[in-house]
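The sequence and structure come first, and the description follows.

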Amino acid sequence: MTSTLETDNNTITVAESMTGTTCPTCGGHHLAPFLTAPDRFHLRTQVYRLMRCDDCNAVWLHDPPIPAQMGEHYTEDYHRAIVTAGEGSAMDRWKGQVEMISRHKAGGDLLDIGCSSGGFLSTMMNPAWSLYGIEMEESTAQRARATTGARVFVGDAMEAPFLPNTFDVITCFDVLEHVYSPRQFLSKVQEWLKPGGIFYAMMPNIDSWEAGLFGTHWFGLELPRHLSHFSPRSLRYLMNELGFEEICVQTPACSYYERSINYVYSSVLKKLGFSATSQAKATPAGFVHKAVRKTFRIALSPLVHIAAFAGAGPCLEVVFKKRTGVEH
Ligand SMILES: [Zn+2]
């Protein structure tokens, strides 16, 4: 069951079950508190509660801020951090993703949901591809249009006017965890894909060794902006329910641990009575901080690779296909 909340510019449908007593993914009743944590990016004090479903392994933010309140959690500092992270040497940053797509599709119509300023789309600029994007923020979308030539819709993905069976590839990097109803969102993805088209996504893995090690300080939590927290098991369950065919579910050898260490560092400083600087206002790290990070990097390097191999890496990378014969 869902309810509809009116916002200034559009209508956003929110899953009521995120606040209820059943799992928003499978409808199960075997729920348990998972953890509580504040917004460590902005160093705010309000505490949020995550719930976990014992049946399908889904984890979600209980009683999330409503869409009309969400703007205060997506600050200028947050957008700046996201855009900066997506820029730089795009070819280096997105090399693995470009290779992954080339394994499955040689060209066609590609939609990047949450395209930001077009960092990924810029790596797909060649005559084989027609590029499309969805971005929440107008000035960021303009940068994507200017640098990639992509047609970019501005607003909530659920409002985008694309026709059924339009795209050969839909990509979604670090987006799925932000949406109120992943089930509804992924149904829309399936509708927009051509039969045989692929959905390629990346997101944090709540069942990773880093999430277990850092607990409430894990960078991947990003509360309250991350509303759903996926694992290989819970995502497989959902995609299978929606009728997608699995091509690849893996956890590559990447890591967020340096950013999680920043959160631990801030908490320690606070406990010692010093004022910590939020990552929203972060300045270049000091000598001690750099030394701690370097020590961790060396000590954890073997673990990063073992965890990736075992499916417990912190980043979840998935490719699913829309079954042929499925029309909308
Ligand atoms: Zn469930």
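Is Cys26 buried, partly exposed or exposed? The model is predicted, and in it Cys26 has a relative accessibility of 24%. Cys26 therefore counts as partly exposed, because the buried class ends under 20% relative accessible area and the exposed class begins over 50%. Cys56, by contrast, has a relative accessible area of 2% and is buried.

Both cysteines belong to a zinc site. The protein donors of the zinc ion are the SG atoms of Cys23, Cys26, Cys53 and Cys56, which lie 2.3 to 2.4 Å from the ion. Along the chain these donors follow the spacing C-x2-C-x26-C-x2-C. Cys26 and Cys56 link distant parts of the chain, being 30 residues apart. The angles among the 4 donor atoms run from 104 to 117 degrees, and the site is tetrahedral. For comparison, the ideal angle for four tetrahedral donors is 109.5 degrees.

The remaining values concern the whole protein. Its secondary structure comprises 11 helices and 13 strands. The protein has 328 residues, of which 50% count as buried. Among contacts between residues at least 6 apart in sequence, 70% join residues at least 24 apart. The protein exposes about 15,400 Å², and carbon and sulfur atoms supply 55% of that area.

Notes
Residues numbered from 1 in each chain as written. Predicted model: local features only at pLDDT ≥ 70, side-chain atom pairs only at ≥ 80, totals over all residues. Heavy atoms only, no water. Donors = N, O, S within 2.8 Å, 3.2 Å for Na, K, Ca; no water. Tetrahedral: all angles 85-135°; square planar, octahedral: opposite > 155°, others 65-115°. Helix = DSSP H or I, 4+ residues; strand = E, 2+ residues; numbered from the N terminus. Buried < 20%, exposed > 50% of the residue type's maximum accessible area, 1.4 Å probe, protein only. Contact = heavy atoms within 4.5 Å. Areas by Shrake-Rupley, 256 points an atom, 1.4 Å probe, with all protein chains shown as cover.
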